[in-house]
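User: I am new to reading protein models, and I would like to learn how to look at one step by step. Could you take me through the main features?

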Amino acid sequence: MEEQIKVVADAAYPLDGILTLPDSGAGKFPGAVFVHGSGPQDKDETVGATKTFRDLADGFAKRGIASIRYDKRTFAHGEQMVGELGGALSVEEETIQDAIAAVKLLKADPRIDAGRIFIAGHSLGGMLAPRIDAEGADVKGLVILAGTMRTLDEVILDQNADALSHMDEEQLKAIAPQLQALEELKKKFAAIDDMPEETAKQTLLDGSMHVYAWYLKDMKQHPTPEYIKNIRKPILVLQGDKDVHVSVEKDFEQYKQVLKDNPNATCKLYPGLNHLFMKAIYGTINQVMEEYNVPQTVDAGVLEDITQWILAV
């Protein structure tokens, strides 16, 4: 059963959302809030022909778990946000405030067990999930889907290096201007740590996406590993081993290492699955959008694992 809702952390940026409830069941339902990956994303987290959050919401409801999914603020109000905030935009306004507001909506719903609410963050949303919890969501546990503890600039440069490694000489010649722009971006990344806040808010990194240095600097000032180290509540970390956006060695293994002494942590790697927890078809970052344009749904085993974990904690 679906109900149309509004997630409103800031009255200037109301967000359309969907509360999905199980069709049947006694007592109050556990609930989850889905937190998007990077970039403007709709409530279903539509990428090409896929809809990761819709799949998760449907699967959760069939197993007795309610959920909220909603349009990301940069999807619904991107032009307005760029006009009003410019280089001062950070993940605080883009993601964190709205995720906390969605959790509060669930907690206030009499059909939901307020003590059994979870954040399920995908990609950037997984990276930010511990910070969202610490800044006010205060949920029962965290589900981190294809997250990272590395800084965003590290991930971006690794993704670019991976893409270049799959190109031949002719292809590299054809993108010479982009390669020069990448070198300039590396220089800007290297300067972020020492930039004063106001300079960072005026330093444009990517003109097409309106990304300023402050967006990354703010995240560096809230390092994900510090949040992860201090977590004692239940945490589930999942990744596909064919994910070309994050790395098994640099990301999944880092979560395992940091969480190895945490009895409330579970980490699981899925053979053959991509960043969206669907079957990997091509397995290279250069063909990733071609892969995402093939209609697929979230792997049934992943859905079963997440829901069984939520119901057990």
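User: How many helices and strands are there in the chain?

Analyst: Helices (H or I, at least four residues) and strands (E, at least two) are DSSP runs, numbered from the N terminus. In this chain there are 13 helices and twelve strands. Please keep in mind that this is a predicted model, in which local features need pLDDT of at least 70 and side-chain atom pairs count only at pLDDT 80 or more, while totals for chains, interfaces and linings use all residues. Residues are numbered from 1 along each chain as its sequence is written, and side-chain values use heavy atoms, with hydrogens and water left out.

User: How is the radius of gyration of the chain to be read, and what does the C-alpha trace span along its principal axes?

Analyst: Along its principal axes the C-alpha trace spans about 60 × 40 × 40 Å.

User: What share of the residues in the chain is buried, and what share of the contacts joins residues at least 24 apart?

Analyst: Buried means under 20% relative accessible area, exposed over 50%, and partly exposed in between (1.4 Å probe, protein chains only). Of the 313 residues in the chain, 51% are buried. Contact means heavy atoms within 4.5 Å, and among contacts between residues at least 6 apart in sequence, 70% join residues at least 24 apart.

User: Is helix α9 mostly covered or mostly open, and which of its residues are buried?

Analyst: Helix α9, which runs over residues 213-220, is mostly covered, with seven of its eight residues buried. Those buried residues are A213, W214, Y215, L216, K217, D218 and M219.

User: At what angle do the axes of α1 and α13 cross, and what does that make α1 relative to α13?

Analyst: Axes are lines fitted to C-alpha atoms, for helices over the stretch in contact, and angles run from 0 to 180 degrees between N-to-C directions. The axes of α1 (residues 52-62) and α13 (residues 300-312) come within 10 Å and cross at roughly 50°. Angles under 35 degrees count as roughly parallel, over 145 as roughly antiparallel, 65 to 115 as roughly perpendicular and the rest as oblique, and the angle here therefore makes α1 oblique to α13. A crossing is left-handed if the near helix is turned anticlockwise from the far one by less than a right angle, and right-handed if clockwise; that of α1 and α13 is right-handed.

User: Which residues meet where α1 and α13 touch, and of what classes are they?

Analyst: From α1 come D55, L56, G59 and F60, which meet L303, I306, T307 and I310 of α13. By class, this contact has five nonpolar, two polar and one charged residues, where Ala, Val, Leu, Ile, Met, Phe, Trp, Tyr, Cys and Pro count as nonpolar, Asp, Glu, Lys and Arg as charged, and the others, Gly among them, as polar.

User: How do α2 and α3 cross, and which residues meet there?

Analyst: The axes of α2 (residues 73-85) and α3 (residues 91-108) come within 11 Å and cross at roughly 130°, which makes α2 oblique to α3. R73, T74, M81 and L85 in α2 meet E93, E94, Q97 and D98 in α3, and by class this contact has two nonpolar, two polar and four charged residues.

User: Is A102 buried or exposed, and what is it in contact with?

Analyst: A102 is found in helix α3, and at 0% relative accessibility it counts as buried. Leaving aside neighbours within four places in sequence, A102 is in contact with V7, V33, I68 and Y70.

User: What is the phi of E45, and where is E45 found?

Analyst: Most residues other than glycine have a negative phi. E45, however, has a phi near 50°, a positive value in a residue other than glycine. E45 is found in the loop between β3 (29-35) and β4 (46-47), and at 2% relative accessibility E45 counts as buried.
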